[in-house]
Amino acid sequence: MNSVPVWPRWLGLAGLLPQLACVAILYLGPGEWRGAALGVAFAYAALILSFLGGMWWGIAPAAPAAERRRTLGWLWVAAVLPSLLALAAFLLWVFEWPWPEPSLAMLGGALLVSLGVDAKLGLLAPRWWMALRVPLSAGLGLATLAAALA
């Protein structure tokens, strides 16, 4: 992660703190905080997953025109899927189906899978992109799965 510029590195790592705090509360905190910690863990994972889609949406039109026309259809689709998945995870709660553990597991898995999209960006992303994305997506994905299993 030393190749990552200072601001993205530290702000990215700080972005793990809310989920890690929720996991700590779920495993070590008082029982009366459990519901709030699960809700915040879900909301934060859904928010960040949608944020990733927004980043990919921003990268797609910034690509060179020839590449946009030729090969980037997959990126436009990938950019929309995180928000749709976050909505689907939320609908479990709306329709009073089992929640939040299945939703947290779905979001945690999606955060881990998001690394595949990041890796496929290739030259569209900065050279240091994967050095930033791997610890952040893996960290948040695993923390979200830990919340699901708490």
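Here is a short walk through this structure, from the overall fold to a helix pair, its loop and a pocket. The model is a predicted one, so please read every value below as computed from that prediction.

Let's start with the whole chain. Its secondary structure comes to seven helices and zero strands, and from the N terminus on the elements read α-α-α-α-α-α-α. The radius of gyration is 16 Å, close to the 15 Å that the globule rule gives for 150 residues, so the chain is as compact as a globular protein of that length. Along the principal axes, the C-alpha atoms fill a box of roughly 55 × 40 × 15 Å.

Now turn to one pair of helices. Two packed helices are described by the angle between their axes and the distance between those axes. For helix H5 (residues 73–94) and helix H6 (residues 101–120), the axes come within 10 Å and cross at roughly 170 degrees. Angles over 145 degrees count as roughly antiparallel, and H5 and H6 are therefore roughly antiparallel to each other. On the H5 side, the contact is made by Trp-74, Leu-75, Ala-78, Leu-85, Ala-86, Ala-89 and Leu-92. H6 answers with Pro-102, Ser-103, Met-106, Leu-107, Ala-110, Val-117 and Lys-120. Sorted by class, this contact has 12 nonpolar, one polar and one charged residues.

The loop between H5 and H6 deserves a look of its own. Glu-96 is found there, and its phi is near 60 degrees, a positive value in a residue other than glycine. Pro-100 lies in this loop too, and a cis peptide bond joins Trp-99 and Pro-100, with omega at about 5 degrees.

Finally, let's look for empty space. Rolling a probe the size of a water molecule over the atoms shows where such space is left. In this model, the largest pocket holds about 230 Å³. It is lined by 16 residues, and the closest to its centre are Gly-12, Ile-48, Phe-51, Arg-133 and Leu-136. The elements that give two or more residues to the lining are helix H1 (6–14), helix H3 (34–62) and helix H7 (129–149). By class, the lining of this pocket has 12 nonpolar, three polar and one charged residues.

Conventions. Residues numbered from 1 in each chain as written. Predicted model: local features only at pLDDT ≥ 70, side-chain atom pairs only at ≥ 80, totals over all residues. Heavy atoms only, no water. Axes fitted to C-alpha atoms, helices over the stretch in contact; angles between N-to-C directions. Helix = DSSP H or I, 4+ residues; strand = E, 2+ residues; numbered from the N terminus. Parallel < 35°, antiparallel > 145°, perpendicular 65-115°, else oblique. Contact = heavy atoms within 4.5 Å. Nonpolar A, V, L, I, M, F, W, Y, C, P; charged D, E, K, R; others polar. 1 Å grid on protein atoms, 1.4 Å probe; cavity = no way out; pocket = protein on both sides within 12 Å on 5 of 7 lines; lining within 4 Å. Points joined across faces, edges and corners; volume = space filled by probe spheres on them. Rg over C-alpha atoms; globule rule 2.2 N^0.38 Å.
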